[in-house]
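Thanks for sending this one over. Here are my notes, point by point, to read beside the model.

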Amino acid sequence: MSLRGWLLAGAAAVLVLATLSSAFYTVSETEQVVITQFGQPIGQAVTTPGLHVKVPFAQEANVFDKRWLEWNGSANQLPTRDKKYIWVETYARWRIDNPLLFFQRLRDERGAQSRLDDIVDGETRNVIANHNLIEVVRTSNRAFERAEEAEDVMDEEAARQVELGRDKITRLILERASRVVPDYGIELVDVQIQRINYIETVQAKVFDRMISERKRIADRHRSEGQGKSAEIRGKKERELKVIESEAYRKTQEIMGRGDAEATGIYAAAYSRNPELYKFLRSMDTYRATVDKDSWLVLSTDADLFRYLQSPDAGAAARKPGK
Amino acid sequence: MANYGSGFDQDAFLRVARETRERLRGSWRWVWGAIAVIVGLATLSSAYYQVEPDEVALVTRFGRFVRTSEPGPHTKFPFGIERVQKVPVQRQLKQEFGFRTIHADIQSSYHRDEQTAAESTMLTGDLNVATVEWIVQYKISDPYKYLFKLRDVDETFRLMAEASMRTVVGDHSVTELLTVGREAIAAKAKELLSNLCRLYDNGISVQQLVLQDVDPPEPVKPSFNDVNQAIQERERSINEAWAEYNREIPRARGLAEQKIEAAEGYAVDRVNRAKGDAQRFVALEEQYRKAPDVTRTRLYLETMSAVLPAAGKKLIFDDKAKGILPLFPLGNAVGEPKP
């Protein structure tokens, strides 16, 4: 083959390859394609994955994602209806529901993102501004379980009943935003409030409130402890007095009973001969009182010494001694 | 399907290469040979793939999903006709919230910064603030959905987990979160997250959601600790008072019992003595009555003979001995020494 022949063959091959590559296009599991002819959309979007054919050169395949796509809102500082300033971060997931419309209205995802910023952020702002903070935080009106030890003090505002709650609020945002987005060929599949936080100045106040709440709880525990222990001490004092006085009463009773019985016994016995008792008792007393330090001054007139001067004296004047 | 790939084995290409070499003798022959070998190797490496034991591979042909390959060696159409995406379905995956493990070992080290603090700071149902750290363990239960349903499935999963946890914490008080409610909160958050996974149809199944450190915010922490301390103090002062009570009351009861017993003893003693004395008196009196005078005198004289010797000094005087002054040394008698 001559050189010219080679060149012709090469040119033909390039032409054939270019035509083939322009005539075939692939659609993956995650894609959908809108075919345009000189910029004009042709027919419905191609959503079945695989190898497809189009008119080469004249037609163009515009690829869009078929999956759920991200939209992450930036943190917005919003006021609630009760004038609480909070940071709210939302996220949404959306998909290109009508690629043809999407292509016509927004051309690409970047356009969609900025439109979603407007729509979702806007609706979030509206809904939050129309509800109290508690509505966004809580989901239900369930009563808080109280810990056994730490009894809670609750803010009046936090004790308020919620009408909607977080779940219904996010549904509301989704519902309102979903009314607008079909115009752009978009379906909004979910919106969630990812984060809510107080803005810094409010947060400092909340911390102060939390500290004073805890202080109240701590003080209550302390004084409760003091009260309870004083109560126990008082109970102890009272019981001590009861025990001691009862013991005194009982001992006196018992001793009195013993004394009485003894007195009765003595009386019964001694009353048989009081004179003899007096005599015996005196004798005992003499024995007990006279010791080596005692002086005895006695007259010879005493009965005892009657025989001291004469052995006959006793017969003349005999007298029993006392 | 896999046997399509076996047509591109090495023998076939070596044979083609040999034939080509014979036809084009001369200087070109080596160049063609080298090209053939390169093409052959490229085909082989592009047609062969291996799936690890904890994975499955999803094969797409011209973008269309055609089959799933289990672990082991496999072949496919080369040069991008068939493509392979591997998904670790057996592996238990974990996401951390509020902290990051930098280095997991016996002594693991963690990392916390502003970004993780933003993840963990949240509002409780009583409008307080708490920091909650938690982990989620999950598996990819449906690799097809996992790959093709959401574009940023892992990042979305994190957002879902944050939203679920905040929803649940927002419905509990800070006290519940820190004490009694931990398990219930974890269970509820797992349930919400599982529901979201079903709604998003992302092919993930949540295995476990575990709360890690749950704390009041840093500036408030000391006052929370103070509450715990106050509870301890209350318990201690009550216990001390009871201890005092238990120490003193039984002792007082014992002492009282002792006094009563002693009184009983006294009474019995009195009565017995009285009885004894009475018996003695009665017995004596009976005998006395038989001979009163003699007995009386005997008793008197017996007493006197006991009493008189006991007295230290005795002075006996006679009324009839008038004028005689009885002399006795008074000083010596009373025992006062005179120098």
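The points below go from the basis of the model to chain B, the interface and a few individual residues.

1. This is a predicted model, in which local features need pLDDT of at least 70 and side-chain atom pairs count only at pLDDT 80 or more, while totals for chains, interfaces and linings use all residues. Residues are numbered from 1 along each chain as its sequence is written, chains are lettered from A and ligands numbered from 1 in the order in which they are written, and side-chain values use heavy atoms, with hydrogens and water left out.

2. Chain B first. Its secondary structure comprises 10 helices and 12 strands (DSSP runs numbered from the N terminus: H or I of at least four residues for helices, E of at least two for strands). Chain B has 339 residues, and 40% of them count as buried (under 20% relative accessible area; exposed is over 50% and partly exposed in between, with a 1.4 Å probe and protein chains only). Among contacts in chain B with a separation of 6 or more, 66% join residues 24 or more positions apart (contact means heavy atoms within 4.5 Å). Chain B exposes about 19,300 Å², with 55% supplied by carbon and sulfur atoms (Shrake-Rupley method, 1.4 Å probe; for residues, only the protein chains shown count as cover).

3. Now the interface. The size of an interface is often given as the accessible area lost when the parts come together. Here chain B and chain A bury about 10,400 Å² between them, 63% of it from carbon and sulfur atoms (accessible area, 1.4 Å probe, that two parts lose on being put together, summed over both). B:L127, B:R151 and B:F281 supply 8% of what chain B buries against chain A, more than any other three residues. The contact draws on 110 residues of chain B and 106 of chain A.

4. How many salt bridges cross the interface of chain B and chain A? The rule finds 18 (a side-chain nitrogen of Lys or Arg within 4 Å of a carboxyl oxygen of Asp or Glu). In chain B, helix α8 (residues 221-290) gives the most to the side that touches chain A, with 40 residues. The side chains of B:E248 and A:K236 form a salt bridge at 3.4 Å, N to O.

5. Two residues deserve a look at their backbone. Most residues other than glycine have a negative phi, and most peptide bonds are trans. B:L127 has a positive phi of about 60° although it is not a glycine; this residue sits in the loop between β9 and β10 (129-140) of chain B and is buried, at 1% relative accessible area. B:F62 also is not a glycine and has a positive phi, of about 45°. B:F62 belongs to the loop between β2 (56-61) and β3 (64-69) of chain B and is partly exposed at 29%.

6. B:F62 leads us to A:G50, whose contacts include B:R61, B:F62 and B:R64 as well as A:Y25, A:T26 and A:V27, leaving aside residues up to four places away in sequence. A:G50 is in strand β4 of chain A and is buried, with a relative accessible area of 6%. Its C-alpha atom is 5.2 Å from that of A:V27, 23 residues apart along the chain.

7. Is B:T121 buried or exposed? B:T121 counts as buried, at 16% relative accessibility, and lies in strand β9 (residues 121-123) of chain B. Among the residues it touches is A:N197, from the other chain.
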